[in-house]
Amino acid sequence: MAQETLKSLIAVMLTLSVQEQEQVIAELQANVRQMNHVDESTRQQLIATAEEGIAEIERGECYSNDEVLERMNQRLERKYVVAV
């Protein structure tokens with residue numbers, strides 16, 4: 001991960017409440033423990049998947065939370081129309 005991206009992520013995390021920061025820390029620690037028990041090929045695949053996701057976001061190939069909710073609602077509406 002680029003240092004600039006990492007610094008941005010940390011800056012966002014520092015805006016969280018103390019309770020939310022503690023939750024993030026606990027989840028990161030659990031992830032580190034789990035990653036230490038994963039074989040190297042699986043670990044490399046997980047890293048590659050995460051890096052591709054980061055690259056997609058940097059290229060703008062992502063949806064905002066509002067866009068995801070809107071798409072979900074559209075799909076639900078289509079299902080109800082068909083069911084009627």
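**Close-up views of salt bridges, pocket and surface**

**View 1. Arg59 and its salt-bridge partners.** The side chains of Arg59 and Glu52 are joined by a salt bridge, with N and O 3.1 Å apart; the term denotes a side-chain nitrogen of Lys or Arg within 4 Å of a carboxyl oxygen of Asp or Glu. This is a predicted model, in which local features need pLDDT of at least 70 and side-chain atom pairs pLDDT 80 or more, whereas totals for chains, interfaces and linings use all residues. Residues are numbered from 1 along each chain as its sequence is written, and side-chain values use heavy atoms, without hydrogens or water. Arg59 also forms a salt bridge with Glu61, where the closest N and O atoms are 3.1 Å apart. Arg59 is partly exposed, with a relative accessible area of 48% (buried is under 20%, exposed over 50%, partly exposed in between; 1.4 Å probe, protein chains only). Glu52 is partly exposed at 38%, and Glu61 is partly exposed at 46%. In total, the structure holds three salt bridges.

**View 2. The salt bridge between Glu40 and Arg43.** Glu40 pairs with Arg43 in a salt bridge whose closest N and O atoms are 3.8 Å apart. Glu40 lies in helix α3 (helices are DSSP runs of H or I, at least four residues, and strands of E, at least two, numbered from the N terminus). Because Glu40 and Arg43 are three residues apart in helix α3, about one helical turn separates them. Glu40 has a relative accessible area of 46% and is therefore partly exposed. Arg43, with 31% relative accessibility, also counts as partly exposed. Elsewhere in the chain, Ser17 is 23 residues from Glu40, and the C-alpha atoms of these two residues are separated by 35 Å.

**View 3. The largest pocket and its lining.** The largest pocket has a volume of about 500 Å³. A pocket is an open set of points on a 1 Å grid where a 1.4 Å probe fits, with protein on both sides within 12 Å along at least five of seven lines; lining residues have an atom within 4 Å of a point. Of the 13 lining residues, Leu28, Asn31, Met35, Ile47 and Ala50 are the closest to the pocket centre. The helices α1 (3–13), α2 (18–35) and α3 (40–58) each give two or more residues to the lining. With six residues, α3 gives the most. The lining comprises ten nonpolar, one polar and two charged residues.

**View 4. A nonpolar surface patch that includes Leu76.** Leu69, Met72, Leu76 and Tyr80 make a nonpolar surface patch of about 400 Å² (patch residues have over 30% relative accessible area and no salt bridge; like charges are joined within 9 Å, nonpolar side chains within 5 Å). Leu76 is placed in helix α4, which spans residues 65–83. The relative accessible area of Leu76 is 38%, so Leu76 is partly exposed.

**View 5. His37 in the loop between α2 and α3.** His37 is located in the loop between α2 and α3. The relative accessibility of His37 is 71%, and this residue therefore counts as exposed. Between His37 and Met72, which are 35 residues apart along the chain, the C-alpha separation is 36 Å.

How values were computed. Points joined across faces, edges and corners; volume = space filled by probe spheres on them. Nonpolar A, V, L, I, M, F, W, Y, C, P; charged D, E, K, R; others polar. Areas by Shrake-Rupley, 256 points an atom, 1.4 Å probe, with all protein chains shown as cover.
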